[in-house]
Structure formats: C-alpha cells, structure tokens
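User: Can you walk me through this one? I'd like to ask things as they come up.

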Amino acid sequence: MGVYLNPGNDAFRQIRNGIYVDKTGLIDYINGTIGTPFNLTCFSRPRRFGKSFAAMMLSAYYDRSCDSGELFSDLRIAGTASYENHLNQYDVIYLDITWFISRAGTSVCDVVSEIQTAVIDELTMAFPDCVNHSETFLPDALLKINRKTKERFFVIIDEWDALFREAKDDEKLQNSYIQFLRGLFKSGPAMKSVIAGAYMTGILPIKKYGTQSALTDFKEYSMVDPLALSEYVGFTEQEVQMLCDKYHVDFDRMKQWYDGYSFADTDSVYSPNSVMGAVNFGKFKSYWTSSETYESLKDYICRNFDGLKDTIVRMLGGQRECVDIGTFQNDMTSFHSRDDILTLLIHLGYLAFDEREMKAYIPNQEVSDAFRLAVKGTDWKEVNQALSRSETLLKATVNQDCEAVAAALELAHETCASTLSYNDENSLSCAIMLAYYTAQNYYEIVRELPAGKGFADCAFIPRRNTDKPAMMIELKCDRTADSAIQQIKDRRYAGRLKDYAGELLLVGINYDKKSKGKELKRHTCVIERI
C-alpha cells in the first residue's frame with residue numbers, strides 16, 4: 001500500500017467504526033459506467049456534504065492491494081450484481097489536491113509537477129520493470145505500465161477544484177493543471193485502455209472556457225443538476241429519520257435545521273455533516289466548518305451587481321428567486337452578473353436550487369443564520385434593523401400590541417420592497433417573513449397554507465416544546481385590518497389547525513396604497529386571541 005497508489009481501506013474502516021449511513025449504492029452506479037464511454041464521473045457538492053467520505057469508500061472498494069469484503073458485505077452494494085466483478089480489482093490512484101496545496105506552502109505554482117512526481121515515485125517502486133524516476137509525465141508512466149502488465153487504473157481525485165479556489169488568480173497554474181488532467185483523461189484509445197474509470201469530486205463543476213467544459217469526456221453531476229445521483233448529494237429524509245429513531249433525536253428539529261435541499265428525483269436532502277453533528281453532540285446549531293464562513297458569504301452578497309441586494313433581502317423574507325445558471329464559468333473570479341453570484345452560492349451550499357422552477361432559495365435555519373451573520377457585517381442598515389427587531393415584534397404580537405406590530409411591519413415592508421414592487425402582495429408577504437425572522441426558532445412558518453375555503457397568507461405553527469401560541473396572518477391592501485380578521489373566520493382558516501390544542505392568534509394586517517402625505521402607505525393591525 002502507498003500514499004497515492006493503492007492507499008488501502010483503513011480510512012473507510014474508520015468511517016464504518018463511527019455512525020454510518022449506507023451510501024454504497026453510489027458504487028453500483030459507478031460500476032455501471034466501467035467499460036462504457038461514460039466511465040469518467042465528476043460529482044461536485046458543497047463542503048460538509050460527504051465528498052471525501054465517498055472518495056474513501058470508492059478507494060477502499062476498488063483498491064486491489066487489500067481485501068475489503070468484510071467492510072462491504074453487510075451494505076447495500078453487496079446485494080448487487082456488480083459487487084463481486086469490481087471488488088478490489090484495480091490499482092487505485094488517490095489524489096487529495098488540498099493535501100498537495102498544503103504541502104506546497106508558498107510554492108503553490110509547483111503543485112502540478114509535485115503531484116506527478118509523488119505518484120511516479122510510488123509507481124516506480126510498485127512497477128520497477130516498467131518506469132523509473134526519470135519519468136516526469138504521469139500519463140506516460142501509466143501507459144508504459146499498462147503496455148507491459150495490462151494493469152488498469154481507477155483514478156480518484158478529491159477536491160479536484162482546490163487550485164481554482166486557492167489560486168483563483170493564477171491562470172498559468174490553472175491552465176497547467178487542466179492540461180495535466182486532459183493528458184490523464186483524454187479520449188484517445190491509448191489512455192482509454194489505461195483508465196478503467198475515474199471519480200472526481202469537489203465544490204465546483206469543471207471549469208468552463210466560454211460555454212464548453214475543459215474536460216469534455218467527464219459526465220458531470222452537481223448541485224444544479226445531480227441527475228441520477230441526487231440521493232447521494234446528502235442524506236435523504238428516510239436516512240435522517242432512521243438516524244433520529246436510532247439515536248433518539250428530535251426529527252422535527254433536524255428537519256428545521258438541516259433539510260431544504262431538493263432535486264427533481266429527491267425532494268428532501270439534508271446536510272450530512274450537520275446531521276451527524278446533531279446526532280453526536282445532541283445539539284442543534286450551525287456545524288459549518290470555519291472555511292467559507294459568513295465573512296466570505298458577506299463578500300459575495302455585497303458584490304455590486306444590479307438587483308443582488310434586493311434578491312438577497314427577498315430570500316431572507318422566504319421568497320424563491322429565478323436564477324439563470326448558464327452564464328456561470330465554474331470558477332471563483334469570473335463574475336459578471338447577479339446570476340453568477342447566486343449560482344456560485346448554490347454550489348457552495350448557501351442556496352438550494354429548484355431545478356424544476358429554476359429558482360434559488362435559502363434552505364434551512366442553519367444556512368439562514370449564516371446569512372443573518374453575513375448581513376450583520378454589511379452596511380444594509382434597514383435590513384439589519386428589521387432582523388434585530390424581529391424578536392421584539394414577535395413579543396409585541398403575542399402581547400397583542402397592534403400599534404407596535406403595525407410600525408414594525410411598515411419598516412420591514414419599506415426594507416423588503418423596491419419602489420416598483422412595493423404594492424405587490426408578494427412583497428408584503430415577504431416583509432412579514434423578514435419582520436418575523438427569529439420566529440423560525442419557535443414556529444414552522446407556512447405561506448399560502450391550504451385552509452378552509454382558501455389559502456391562509458401566513459400560518460405560524462408552533463414547534464414542539466414551545467409555549468408560543470399559533471398564529472394565522474391575513475394580509476390586505478386598501479381594505480381594513482378588521483376585514484382581514486373576518487376573512488380568516490369566514491373561510492374557516494383556523495380549521496387547518498384543528499389538531500393544535502393551544503391558543504391561536506388571528507392577525508389582520510392592512511396597508512393603504514392611496515393615503516397621502518405623512519399617512520403614505522400606512523399599515524394597520526388588529527389581533528384577536530382564540
């Protein structure tokens with residue numbers, strides 16, 4: 001066993017010794033690509049989503065230097081037809097690009113040559129009759145080995161895009177790296193006989209030049225289009241439910257904090273690292289690592305692109321926003337529009353993406369907290385005021401202080417809505433969500449809840465273990481707050497909460513588009529307790 005050539009199965013053994021969720025179905029999918037034109041896979045996902053775990057799992061399965069049968073015999077892959085055919089059948093080359101960058105220190109410009117030298121050194125020891133230390137180009141070394149031994153290699157590259165993130169302005173290094181990868185995975189018949197398969201994982205999809213991928217032979221799966229691999233992006237709801245049942249963790253809280261990512265084939269995907277943190281430590285909080293903190297998020301959302309700030313504010317208010325993902329160049333520097341920033345945030349996991357509607361949104365409380373901290377560090381004064389006053393607003397609502405509620409909502413509405421969309425019903429609903437921002441700690445908040453003879457504008461359903469009353473909020477414009485309350489009663493919206501046994505507040509809100517002078521766009525509020 002080596003460091004880069006056939007590293008063995010110890011890393012996956014450690015993973016199995018902990019709390020483990022069986023994701024070996026991914027192996028069966030990759031097995032199905034071997035021997036086909038689609039044997040090169042790039043699967044990009046955010047940090048904290050189990051990328052390295054998957055790479056270690058694949059390495060342990062394919063590595064011919066070890067016997068991994070005991071590690072996989074009780075897992076999903078063992079019941080598939082492809083299991084025995086590929087188990088420990090290949091020489092694995094495992095490259096963690098972040099490791100090479102950290103090794104290089106200040107001389108990061110030499111990383112590409114360092115990668116090749118390190119792997120060739122191990123190949124020389126393993127195949128002394130085929131290559132020697134004078135070889136400098138890894139693809140040539142692999143060709144020589146294959147010609148003499150017929151051995152085929154499975155290449156795994158973890159954090160493949162690290163150079164594009166860590167050396168984001170060094171185009172010469174990036175081009176050198178891409179040329180190295182092209183040499184390794186080019187489509188010519190010689191290398192096709194050498195590479196049995198490849199699996200690359202990272203945060204970003206493969207770099208584009210213009211509209212074309214730099215590595216055209218790779219089949220790509222990403223946060224904007226995971227295709228058949230959507231269930232392997234993170235933990236599915238069924239997997240999280242099983243963990244919660246086994247370790248006696250509150251599933252509803254888990255969903256509140258870490259769910260929210262969804263795809264065409266998998267409606268509910270959770271952040272794996274965060275779920276495991278909550279299971280291990282018994283505490284719901286942000287488990288995002290110190291890298292890509294809210295400081296970097298602040299830098300992205302403060303970019304000077306038209307409409308970006310308004311978009312972020314509306315997302316904080318619970319709205320989903322249309323995004324054109326096609327212009328993003330899959331790097332950390334080529335930003336030309338609001339959509340490029342939003343697409344990057346999708347790949348980083350700060351936003352979820354509904355590929356059916358082509359809309360982005362903030363997925364859960366953990367990520368929402370990251371946005372709150374990022375916004376706190378900006379000069380967005382009015383937004384910060386609305387967020388900081390949200391706890392006070394909730395108390396005022398529970399205490400039925402109608403004047404205080406109306407004043408707070410007026411401020412939030414001014415903050416949330418642009419001049420053109422101020423009178424849009426959606427903007428008022430967004431303002432409500434922004435103004436009640438901290439309420440998500442105590443409530444499941446549902447907009448347009450089907451109830452009675454229609455849809456309640458906003459329903460605040462108390463989470464378990466909270467003493468807050470339920471709330472139904474109805475919005476009106478150029479009417480009266482009393483008419484909003486009456487609509488809740490007439491259409492029997494409260495019947496939707498028939499299984500809720502506590503108090504219920506009916507909250508009617510109206511704003512007047514036609515009022516003049518000091519009374520311009522005045523908000524009024526009426527609250528009744530049931």
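User: How many aromatic pairs does the structure hold?
Analyst: It holds 24. Rings of Phe, Tyr and Trp (its six-membered ring) pair if their centres lie within 6.5 Å; planes under 30 degrees apart are stacked, over 60 edge-to-face, and the rest tilted. This is a predicted model, where local features need pLDDT of at least 70 and side-chain atom pairs count only at pLDDT 80 or more, while totals for chains, interfaces and linings use all residues. Residues are numbered from 1 along each chain as its sequence is written, and side-chain values use heavy atoms, leaving out hydrogens and water.

User: Why is the pair of Tyr-436 and Phe-460 edge-to-face?
Analyst: Their planes sit at 70°, with the ring centres 5.3 Å apart, so the pair is edge-to-face. The pair links distant parts of the chain, 24 residues apart: Tyr-436 is in the loop between helix H22 (425–435) and strand E13 (443–451), and Phe-460 is in strand E14 (residues 454–462). Helices (H or I, at least four residues) and strands (E, at least two) are DSSP runs, numbered from the N terminus.

User: Are those two buried or exposed?
Analyst: Both Tyr-436 and Phe-460 are buried. Buried means under 20% relative accessible area, exposed over 50%, and partly exposed in between (1.4 Å probe, protein chains only).

User: Which residues do ring pairs link into a cluster?
Analyst: Phe-12, Tyr-20, Tyr-61, Tyr-62, Phe-72, Tyr-83, Tyr-90 and Phe-154.

User: OK, and the largest nonpolar core, which residues have the most contacts inside it?
Analyst: Tyr-62, Phe-72 and Phe-371, in a core of 77 residues. Helix H3 (residues 51–62) gives the largest share of this core, 7 residues. Apart from it there is another core, of 49 residues, including Cys-42 and Phe-180. A nonpolar core here is a set of buried Ala, Val, Leu, Ile, Met, Phe, Trp, Tyr and Cys residues joined through side-chain atoms within 4.5 Å.

User: What is Phe-72 in contact with?
Analyst: Setting aside neighbours within four places in sequence, the contacts of Phe-72 include Phe-12, Ile-27, Met-57, Tyr-61 and Leu-87. Contact means heavy atoms within 4.5 Å.

User: Switching to Lys-23. Is that lysine buried or exposed?
Analyst: Lys-23 is buried, at a relative accessible area of 13%, in the loop between helix H1 (10–17) and helix H2 (25–31).

User: What joins the side chains of Lys-23 and Glu-239?
Analyst: A polar contact of 2.8 Å. That term covers a pair of N or O atoms within 3.5 Å; within protein, one must be able to donate a hydrogen and the other to accept it, and residues adjacent in sequence count only if both atoms are side-chain atoms. Not counting residues up to four places away in sequence, Lys-23 also touches others, among them Met-57, Tyr-232 and Phe-235.

User: How about E16, how many of its residues are buried?
Analyst: Strand E16 (residues 504–511) has 8 of 8 buried. Leu-504, Leu-506, Gly-508 and Asn-510 point one way, and Leu-505, Val-507, Ile-509 and Tyr-511 the other.

User: In which sense do E15 and E16 pair?
Analyst: Parallel: strand E15 (residues 470–477) pairs with E16 over 8 bridges, and Glu-474 stands opposite Gly-508. E16 and strand E17 (residues 523–529) run antiparallel, joined by 7 bridges, with Tyr-511 opposite His-523. Two strands pair if DSSP finds at least two bridges between them.
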